[in-house]
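Here is a short report on one protein chain. It moves from charged pairs to a helix, then to rings and the core.

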Amino acid sequence: MGKYADPAFYDAAFNTFKTAAGTVTQTLTSAQPANFAGIAAVKLASVTLDKTNDITLANGDTSGRKMTIAAKSAVPVTASGTATYVVIDNGTTIFVTTTASTAVASGGTVDIGTWKDEIQAPA
């Protein structure tokens with residue numbers, strides 16, 4: 001018999017953000033934070049996500065399931081530096097991914113493109 005995991009299994013991980021009780025924030029950072037508290041030290045720009053419209057769960061491109069985060073335009077920059085990571089958080093839990101290095105200047109704005117993460121089905 002082959003391996004199988006119900007889509008709800010994968011969605012449980014992504015629902016940490018999709019169905020979070022509180023605010024979900026997307027933050028550009030200059031380094032990878034170790035935890036939620038670490039975001040403040042490396043934060044360059046952040047924006048609140050609309051959980052209904054900005055976070056989409058769907059079948060994966062390869063297999064399993066994926067979470068897609070919508071693009072955000074004109075995000076206010078609060079500190080100058082080079083963005084190398086994108087973090088989403090629900091106030092306690094974080095998800096971190098890399099992004100193309102982008103120099104930003106305090107007082108300006110930055111666009112954050114659409115990105116996704118996929119949990120592949122067991123092989």
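Lysine 66 has a relative accessibility of 15%, so it counts as buried; buried means under 20% relative accessible area, exposed over 50%, and partly exposed in between, with a 1.4 Å probe and protein chains only. The model is predicted: local features need pLDDT of at least 70, side-chain atom pairs count only at pLDDT 80 or more, and totals for chains, interfaces and linings use all residues. Residues are numbered from 1 along each chain as its sequence is written, and side-chain values use heavy atoms, with hydrogens and water left out.

**Charged pairs**

Side chains of opposite charge can pair when their charged atoms come close. A salt bridge here is a side-chain nitrogen of Lys or Arg within 4 Å of a carboxyl oxygen of Asp or Glu. The structure holds 4 of them.

| Aspartate 11 | Arginine 65 | 2.9 Å |

Salt bridges with shared partners join Asp61, Lys66 and Lys116 into one network. Aspartate 61 is partly exposed, at 46% relative accessible area.

Aspartate 11 forms its salt bridge with arginine 65. Aspartate 11 sits in helix 1 and arginine 65 in strand 4, so the pair ties together parts that are 54 residues apart in sequence. Helices (H or I, at least four residues) and strands (E, at least two) are DSSP runs, numbered from the N terminus. Both aspartate 11 and arginine 65 are buried.

**Helix 1**

Which residues of helix 1 are buried? They are Tyr10, Asp11, Phe14 and Phe17. Seen down the helix axis, these buried residues fall within an arc of 95°, so they line one face of helix 1. The arc is taken over the directions from the helix axis to the C-beta atoms. The face turned away carries the exposed residues Ala8 and Phe9. The buried residues pack against strand 1, strand 3, strand 4, strand 6, strand 7 and strand 9; contact means heavy atoms within 4.5 Å.

**Rings**

Rings of Phe, Tyr and Trp (its six-membered ring) pair if their centres lie within 6.5 Å; planes under 30 degrees apart count as stacked, over 60 as edge-to-face and the rest as tilted. That gives 2 aromatic pairs. Phenylalanine 9 and tyrosine 10 are edge-to-face, 5.7 Å centre to centre with 80° between the planes. Phenylalanine 9 is exposed at 60% relative accessible area, whereas tyrosine 10 is buried at 4%. The rings of phenylalanine 95 and tryptophan 115 have centres 5.8 Å apart and planes at 15°, so they are stacked.

**The core**

A nonpolar core is a set of buried Ala, Val, Leu, Ile, Met, Phe, Trp, Tyr and Cys residues joined through side-chain atoms within 4.5 Å. The largest one has 22 residues. Leu28, Ile55, Met67, Ile69, Ile88 and Val110 have the most contacts inside it. Strand 2 gives the largest share of this core, 4 residues. Not counting residues up to four places away in sequence, valine 110 touches several residues, including Leu28, Ala45 and Lys72.
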